[in-house]
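Here are a few friendly notes to read alongside the model. Keep the structure open and find each residue as you go.

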Amino acid sequence: MEFLPTLWFILIAVLWTGYLVLEGFDLGVGMLMKFWARNESQRRVLLNTIGPVWDGNEVWLLTAGGATFAAFPMWYASLFSALYIPLTLALLGLIFRAVAIEYRGKAHTTRVRNLWDWALCLGSLTAAFCVGAMLAITTTGLPLNENGDRVGHAFVWLNSWAVIGGLAVVGFALAQGWAFLGLKTMGAPRAAAKRHLSRWLWVYLLPMAGWAVGVLILYPKVMPWILLVVAVAGMIAALVFAAQEREGWAFFGMTVFVAAGVAAIFWALYPNVLPSTLNDAWNLTVNNASSSDYTLTVMAVVAAIFVPIVLAYSSWSYWVFRKRIAETHIPESKVVTPV
């Protein structure tokens, strides 16, 4: 296989890993705004944990999509045209979530603020499920013909793999959200994070483990199974550290789980980027779906210059907002909501 297409396939896998790790806890906290928080002060705490970083974390999704478009135009064209419906739903979910975060604090009644909370929760849930469904379909295949066009109706993508992938990202987002709250809060959210992770972490992560095992069975290779063992070790470490209230290490364990899991899935998939379920000869691969070497070289130079800058700035922002948040930090004016 050629070096540059393989390099960009790896980089796209890294971008998706970054998205799941960082945007994962954003989406999880968004869902917990209604699934767990019971009063306004708790919701304000949850919102303030992601407030400084949520919009920056979404850049990982945009970059992953943009890199796919530039590096593998055939992959991008086949995947996004075939999955137009879940892609649109994911974007609508992200839009509702973003608007809710910005506007819930401007609501003048409890009823309106509650509507924005539901928009934030359901937008996060929809985005997580649809992104997971699209990633699962990417790794398990679509009914593509020899031209890379979808064969079948508009909902041909909605199969058991899509459901498993959707539940996988929703479950991981909830687990990562709890891990982040354990790391960033004090009081009730921190106690709830310890309780949920120590008891239910394996339930949250079971769909993602099932997705990974399924892909590895479809494309049997040795190294992906080793990476899957590393992922399971990360999950066990996260469970142990969460029970010991060592939240930083618990979050790190979750990161190891998803990084090793995504690496296992993409390694097993390689050299395919989008398999055809109709004929293996019609699979899109890193070679037949990639751009020219000139394009990939220019992209590599630009990425080598600007990616370290973005990572440095992102790391600095997380360091600035590293302190824990408690309900006592929320001003009373932000807690009391007029009827």
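1. Over residues 157-181 the chain is 88% helix and 0% strand, with its end C-alpha atoms 34 Å apart. Helices here are DSSP runs (H or I, at least four residues) and strands are E runs of at least two, numbered from the N terminus. The unreviewed UniProt entry lists residues 157-181 among its "transmembrane region" positions, an annotation that may be inferred rather than shown by experiment.

2. A word on the source: this is a predicted model, where local features need pLDDT of at least 70, side-chain atom pairs count only at pLDDT 80 or more, and totals for chains, interfaces and linings use all residues. Residues are numbered from 1 along each chain as its sequence is written, and side-chain values use heavy atoms, leaving out hydrogens and water.

3. Residues 249-270, also listed by UniProt as "transmembrane region", are 95% helix and 0% strand, and their end C-alpha atoms are 31 Å apart.

4. Now find E23 and R97, whose side chains form a salt bridge (2.7 Å, N to O); the term means a side-chain nitrogen of Lys or Arg within 4 Å of a carboxyl oxygen of Asp or Glu. E23 lies in helix 1 (residues 3-35) and R97 in helix 6, so the pair ties together parts 74 residues apart in sequence. Both E23 and R97 are buried, that is, under 20% relative accessible area with a 1.4 Å probe and protein chains only (exposed is over 50%, partly exposed in between).

5. Which side chain does E58 meet in a salt bridge? R97 is the partner, at 2.5 Å, N to O.
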